Number of protein chains: 2
Amino acid sequence: MNKSLVVQKYGGTSVGTLDRIRHVAQRIARIRETGTQVVVVVSAMAGETDKLVKMAREICDNPERREMDLLLSSGERISSALLTMALQSRGIPAISMTGRQIGLQTDSVHTRARIKQIDAKRARQALKNNNVIVVAGFQGINEQGDVTTLGRGGSDTSAVALAVALGASQCEIYTDVDGVYTADPRMVPKARKLDVVSYDEMLEMASLGAKVLQIRCVEFAHKFQMPLVVKSSYIEGGKGTLICEENANMEQPVVSGIMYDKNQAKITLKEVPDQPGIAANIFEPIAAAGLSVDMIIQNISAEGHTDLSFTLGREELNEAMVIMEKIAKKIHAVNVSADSKISKISIVGAGMRSHSGVAARIFKSLSKEKINILMISTSEIKVSCIIEQKHTKAAVNALHKAFGLDKKPTAVKSIEKQKTATRKKSKAKKK
Amino acid sequence: MNKSLVVQKYGGTSVGTLDRIRHVAQRIARIRETGTQVVVVVSAMAGETDKLVKMAREICDNPERREMDLLLSSGERISSALLTMALQSRGIPAISMTGRQIGLQTDSVHTRARIKQIDAKRARQALKNNNVIVVAGFQGINEQGDVTTLGRGGSDTSAVALAVALGASQCEIYTDVDGVYTADPRMVPKARKLDVVSYDEMLEMASLGAKVLQIRCVEFAHKFQMPLVVKSSYIEGGKGTLICEENANMEQPVVSGIMYDKNQAKITLKEVPDQPGIAANIFEPIAAAGLSVDMIIQNISAEGHTDLSFTLGREELNEAMVIMEKIAKKIHAVNVSADSKISKISIVGAGMRSHSGVAARIFKSLSKEKINILMISTSEIKVSCIIEQKHTKAAVNALHKAFGLDKKPTAVKSIEKQKTATRKKSKAKKK
């Protein structure tokens, strides 16, 4: 591992104007002064990719994905050249690299390619020559030499993959927020930035809709144990949020964050004759249509009949209802109904593994607010509840308070203590 | 040679909007219907390259040329992807190719690279598969795998080089004018489009400021004997102007075109002591400063003194005067003066090789208009005169008339006859 190398990724708003690009160059200049080498991964300037997508849609109903990739990859090339120039104008040796030049090889699934390997020979040489490398994110190259792109959040994934390939000490994701929060600050006034989140928690949060990091990027970091830091490119000196492996020495807070998702819909089939294979009859056509079901509940109702509910993303509701109405007839369900005025509230925390009573505490705080729980699902480190949408804000705030997230938890303080204790111990050992 | 393959190049205004791109796709569709295969080379959408250059200048006083090349090459990639999509949406099989994918290898002189070779293997395969290939013009790749650009008019050069590499029957340059004219139509109302111009004439015209084709592109076409056609992308069915080798069978008109250049300046040194080495003393520092002198005249004045005048581009006048004032002192010239109110009028015609009396006819027509000739220079197929700038329009029109360019010359008609005669002869031979 190269202790003095970091990979930094700057998103579209962080390089959205020439002024912002100059600001990023200044930030890199300061890090270089500490003797740290920097590889930078940039997104396209904010708005550029949307502009290109719009042009493509106007000129062709269904553009070929290979051509989309050539088109979309140009935005990152432009921002990488401009940031390289901004660094050079400060006297910092810098070199831009495209996906091909950085050796990022992918499969051929255009517009959502997966990284196969990184041949970082040229990057290593450039680092030896003391250059800052400014990489065009989001893009790679397939075996045929065609440009590929990595899909949504692809630049984050480029950054983590490069950090792994180059043996960086950490990968820093600069964005327009200053870290990962206990809850959405627009919804919960007392939401706090978290100092540390485990990969597992971050994965749950990302899959529950936290937009700060893409799932793939976190998975990649997790797989290769690359510490990730989310920071604001606007705030100087902020520590951001560190995403890393859970440490057995750490005492985790029970809950790290509360998420909500209003973009949910529920479909209910009433009085389905309860026979083996019914679930398959229902969910196979849904899956075949490419729709993703989230939660499923089945209640036994009277006389060999069952009620079955499931949730999915609201934008998939109409398509799902068309399918369900056909199925309902086929399987002799009495009734199909849809409800899109719901929210999913989720509580995420690695500490749940070692703490019982989390679900009980959720039920208690929601019932105190007279909020009815419509559905529940749990994973090892997550509990999700479906509630009526009008209660979203009250529910999130109540849970935020109930799990002690309004204040900096003592548990986190105890991590700090643990760290100090560990350092003292190792000093003692050396003696 | 592949008789059924043409290379077409569309400039920035020809692909300047999505509508224009659709129009180009339609044009290609019609050519395809005749069974002809098409390779298209595109420039960046009009205004894009300027926008990128402006951003680069704002962010860095003196951007590195390697980074400029990465930046500037993105415009052509965007237009090639968009045109490919427009073709695909018409059901025409099409594939975009970057400079690298088309195998255009250059030296490493960034921002004005020279083409070393084209490895057209992949292009040949794409043509075998009946694709229209849409090539991002202006760009190649050097040995290190870095993007290079070919400098001003680079896309024209890309097109000719590809036409040669692929054995196309001709290379068509689509632009916003419908061909090469006998004179600037804004200056000469009776200016006519030329049907045929020889490479040599076109080279002279291009170096005298005809913007329709770049010198390099014509040189390249000349070297490899690739017929060039300049056409308008706005006018349907126009024949444009064919630029090809002079044919011994053709009877050329004496003069093909009249050019003018108002962007000239003259510097005069009065009463320079006439000693050997004086010219070197003057022109060495001018050349060392990178200034290009065009015409030079030296007159003997009285008593071992000489007057010396030369012309250069107006934008170089100030720099040249600073140098000349120093030199004037050193070589004891009595006086240095500058004149930027001049024009250069040039008469170009391959027919001059076999016709005498061209200069006499120029002098006569200008004197009839009471226009004084300040300087003259000649080449094998060109005569240039410096005159006072206020007389530009009168001079160009007088010469246009004097050399019979106002009407379609009989000489051109005789070319047509010759061609017919040649065809008849060859038929006769076959019999």
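In chain A of this predicted model, 75% of the contacts between residues at least 6 apart in sequence join residues at least 24 apart. Chain A is built from 12 helices and 18 strands, and its radius of gyration of 24 Å is close to the 22 Å that the globule rule gives for 431 residues, so chain A is as compact as a globular protein of that length. Some overall values for chain A are set out below.

| Property of chain A | Value |
|---|---|
| Radius of gyration | 24 Å |
| Span of the C-alpha trace along the principal axes | about 80 × 65 × 35 Å |
| Buried share of the 431 residues | 45% |

Leaving aside residues up to four places away in sequence, V40(A) touches Q8(A), Y10(A), I28(A) and L83(A), together with V132(A), I133(A), V134(A) and V135(A).

The two chains can also be compared as copies. Two copies of a chain are, in general, related by a rotation about an axis and a shift along it. Here a rotation of 179°, with 0.0 Å of shift along its axis, superposes chain A on chain B with an RMSD of 0.2 Å, and that is the relation of a two-fold axis. Within chain A, the C-alpha nearest the axis belongs to S74(A), at 2.7 Å from it. The same surface serves both copies, since 100% of the contact residues of chain A recur in chain B.

Definitions and conventions:
Residues are numbered from 1 along each chain as its sequence is written. Chains are lettered from A and ligands numbered from 1 in the order in which they are written. This is a predicted model: local features need pLDDT of at least 70, side-chain atom pairs count only at pLDDT 80 or more; totals for chains, interfaces and linings use all residues. Two residues are in contact if their C-beta atoms, placed from the backbone, lie within 7 Å. Helices (H or I, at least four residues) and strands (E, at least two) are DSSP runs, numbered from the N terminus. The radius of gyration is taken over C-alpha atoms; the globule rule is 2.2 Å times the number of residues to the power 0.38. A residue is buried if 20 or more other C-beta atoms lie within 10 Å of its own, exposed if 12 or fewer, and partly exposed in between; C-beta atoms are placed from the backbone. Copies are superposed by least squares on the C-alpha atoms of residues with pLDDT of at least 70 in both.
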